[in-house]
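Here is a note for a colleague who is new to reading structures. Please keep the model open while you go through the points.

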Amino acid sequence: MFWRKSNDTSNTRETEVDAPNPVNTIPQMPPQPTPSRPSFGAPYIVPPHTSATIGHAPGLVNPSTGRSISSPIENWLKSLHDKHCQNHFGQMASYIPELTKADPKHFGIVLAAADGKSYAVGDSEVLFTIQSISKPLVYGLALEDHGPDHVLHHVGVEPTGEAFNSIVMDEINNRPFNPMVNAGAIATTALIRGSGREHRFNRILDMFSRYAGRRLTVDESVFESERATGHRNRAIAYLQLNSGMIEEPVAEHLDLYFRQCAILVSARDLAMMAATLANNGVNPLTGERAIAAEHVKTVLSVMASCGMYDYSGEWVYRVGLPAKSGVGGGIIAVLPGQFGVGTFSPLLDEHGNSHRGIEVCKELSQRFHLHVYDMHFVADNIVRRSFRGGGVTSKRLRGQRERKILDAHGHKILAYELQGGLYFATAEQLVRRIVVDCFQATHVILDGRRISRADQSALLLLRDLSLALSAEGKTLLLADLPAQVEADWQDVAGASIRATCVSDVDAALEYSENMLILEFDPKALAIETRLPLAQMDILQSFSQDEIKRLQPFIETECYEAGSRIIREGDPADRLYLLAAGTATVDVMLDDGKRRARLAAFRPGVAFGEFALFDGGRRVANVVAEAPSECYVVDFKKLEQLEAIEPALYRKLLFALGRLLTDRLRRVTAEVRALT
Ligand code: DON
């Protein structure tokens, strides 16, 4: 019998007994039976070691000095390469006659980081055929063409524990066991869409080229060689046709399969392909997407469970990286999010995997603890610091009426400065903390300035938190998120909570303060009515009579929205009391290009007072945000006040002194709250 039932536990290699032994029809070779299991693994005798060409990749070059030190990774790869150059164990694949022409001495290793930086040693540029490493890539294309459900219906995901060319099928589900063995790969290739052989193949070649970041080509002689001798694969395909696993045109599917296996790559190409998978499907050098992000994990999963055939279990045990080998001598291995490796050495072990490639991956994984289950990170501390409103306020200086409310209720604003990556474990940590802290809070602000990234699980948790908070009448505000995180948040959050993203923490604080003030004093935020002089903060201790006597020394000025009340560089010779409207102080930053908001004022607040004490010139602009009015005290008028009403003058100076000490005290309290 040809089929192994998936519940068959006998683990016998039925193909040894039952597989047909088709006659090899290549004319220049004597007719031979095709072995059911290609024999690899006998030692290949080569002349004493001829030092392999080391691809001297430059060290890490400092662009300004042009000097470099050698990279420790490169050095280590070189020593690994030197060591395994001496190892001549294995045999070249001979069941595809053309493959015996490969040079057994060739040996290359390339490691490519997920950002595209690569380290190459040995024969990193020598071309060879990709063979079975095509299988996970074509599987990805089938997933894109049909979606996971349809593909799973046609090709399973169970390891066979059998050789790559075994003729065993999952009889219960009427499909090949997995896409990494020949039977599964032929069924996967049969799923590739397109109008005719050429179009379908070009789609495959285009995709492989996007992975590699360069236009790839086909080794026509290897293709012809396998096409002429690949009777076993042909048998597999027709058996699959017979059981309805694939449909016609079978000859075309087989041609496509043989051709995809004959695509030429180098170890560097393989490393870039692996790095593309590590980079969630985008080639890090070209920026081109090779495979939709949603399918990357599926491809990596079957690579991890089935990529090394009947060595897959031991591979996961010893190396622990999703990988795929090919009888051309290549291996790719991927550490998701971090890097990809491509190795090339055509000497194969008894499983059909490159012997040196396996040794290299084993040592690489062990030396640097790269096994995917060997991650000992404890979740980072996601909260850098937290504070409450009231103690820390927005940059808007508020009049007494508003300040009183914030002094009493500001603690209801909770803010967290976040740092590092937001992923499930750190988001869980954060959410847990907020749930405990937010008992009395009305507003929760997350400062995202120092977030490096946020994954879907974290964003989903935050969305659920946001919904739970709003069900309790509380608001979650996300401030200053990195652009990508903000875009992902918009996708996850949905329309109802989109408004919770704000430009920066100050805006979030000010918004929360305004909401609190409105709750306790709905009229407090009105800016259009002019406050009388008596309601200016610095004049609170002045009697009606004193205010009246001050009046002649004070002028009133009106400003359009957007106009400058104070201009940077002007002589500082006036004190301003904001009677209506709002104003902001903005300064040019050191880079001479950007401006930043230093402070903002609400009615009742005095500004420009420093000038009274130090003279000089204005160092910032003060701009009216809305139509505004100020009481203006010109310093010349103050001199007159001093002469005519010395006691009133002294009282005013004293009030200004109090204003400054009050502001200093608040700043000190803020510094304390933030340290
Ligand atoms: O179908 C075959 O037999 C080859 N074209 C590919 C097999 C292969 O690469 C197995 N890998 N180690």
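How many residues apart in helix α13 are Lys362 and Glu359? They are 3 residues apart, so about one helical turn separates them. Point 2 returns to this pair.

1. **Ground rules.** This model is predicted: local features need pLDDT of at least 70, side-chain atom pairs count only at pLDDT 80 or more, and totals for chains, interfaces and linings use all residues. Residues are numbered from 1 along each chain as its sequence is written, and side-chain values use heavy atoms, with hydrogens and water left out.

2. **A pair within one helix.** Lys362 and Glu359 form a salt bridge, 3.1 Å from N to O. A salt bridge is a side-chain nitrogen of Lys or Arg within 4 Å of a carboxyl oxygen of Asp or Glu. Both residues sit in helix α13 (residues 355-368). Helices here are DSSP runs of H or I with at least four residues, strands are runs of E with at least two, and both are numbered from the N terminus. An α-helix has 3.6 residues a turn, so residues three or four places apart point the same way. Lys362 counts as buried, at 17% relative accessibility. Glu359 is buried too, at 18%. The cut-offs are these: buried is under 20% relative accessible area, exposed is over 50%, and partly exposed is in between (1.4 Å probe, protein chains only).

3. **A pair across 229 residues.** Glu625 and Arg396 meet in a salt bridge at 2.7 Å, N to O. Glu625 lies in the loop between β24 (621-624) and β25 (628-634), and Arg396 in strand β13 (residues 396-397), so the pair ties together parts 229 residues apart in sequence. Glu625 is partly exposed at 38%. Arg396 is buried at 6%.

4. **A pair between two helices.** Glu546 forms a salt bridge with Lys651, with the closest N and O atoms 3.1 Å apart. Glu546 is in helix α19 (residues 544-550) and Lys651 in helix α22 (residues 646-674), so this pair ties together parts 105 residues apart in sequence. Glu546 is buried at 16%. Lys651 is partly exposed at 25%. Elsewhere, salt bridges that share partners join Arg197, Glu224, Arg227 and Asp255 into one network. The structure holds 41 salt bridges.

5. **The ligand.** Which residues are closest to the ligand? Of the 14 that surround it, they are Tyr95, Gln131, Ser132, Glu226 and Tyr257. A residue is near if one of its heavy atoms lies within 4 Å. The shell divides into 6 nonpolar, 7 polar and 1 charged. A nitrogen atom of the ligand is 2.7 Å from a side-chain N or O atom of Glu226. A ligand nitrogen is also 3.0 Å from a side-chain N or O atom of Tyr309. A backbone N or O atom of Gly352 lies 3.0 Å from a nitrogen of the ligand. The protein covers 100% of the 340 Å² of accessible area that the ligand has on its own. Such areas come from the Shrake-Rupley method with a 1.4 Å probe.

6. Tyr511, Met515 and Leu518 form a nonpolar surface patch with about 230 Å² of accessible area together. Patch residues have over 30% relative accessible area and no salt bridge; nonpolar side chains are joined within 5 Å, like charges within 9 Å. Met515 is in helix α18 (residues 505-520). Met515 is partly exposed at 31%. In helix α5 (residues 182-190), 9 of its 9 residues are buried. Among them are Asn182, Ile186 and Thr188.

Note on methods: A polar contact is a pair of N or O atoms within 3.5 Å; within protein, one must be able to donate a hydrogen and the other to accept it, and residues adjacent in sequence count only if both atoms are side-chain atoms. Ala, Val, Leu, Ile, Met, Phe, Trp, Tyr, Cys and Pro count as nonpolar, Asp, Glu, Lys and Arg as charged, and the others, Gly among them, as polar.
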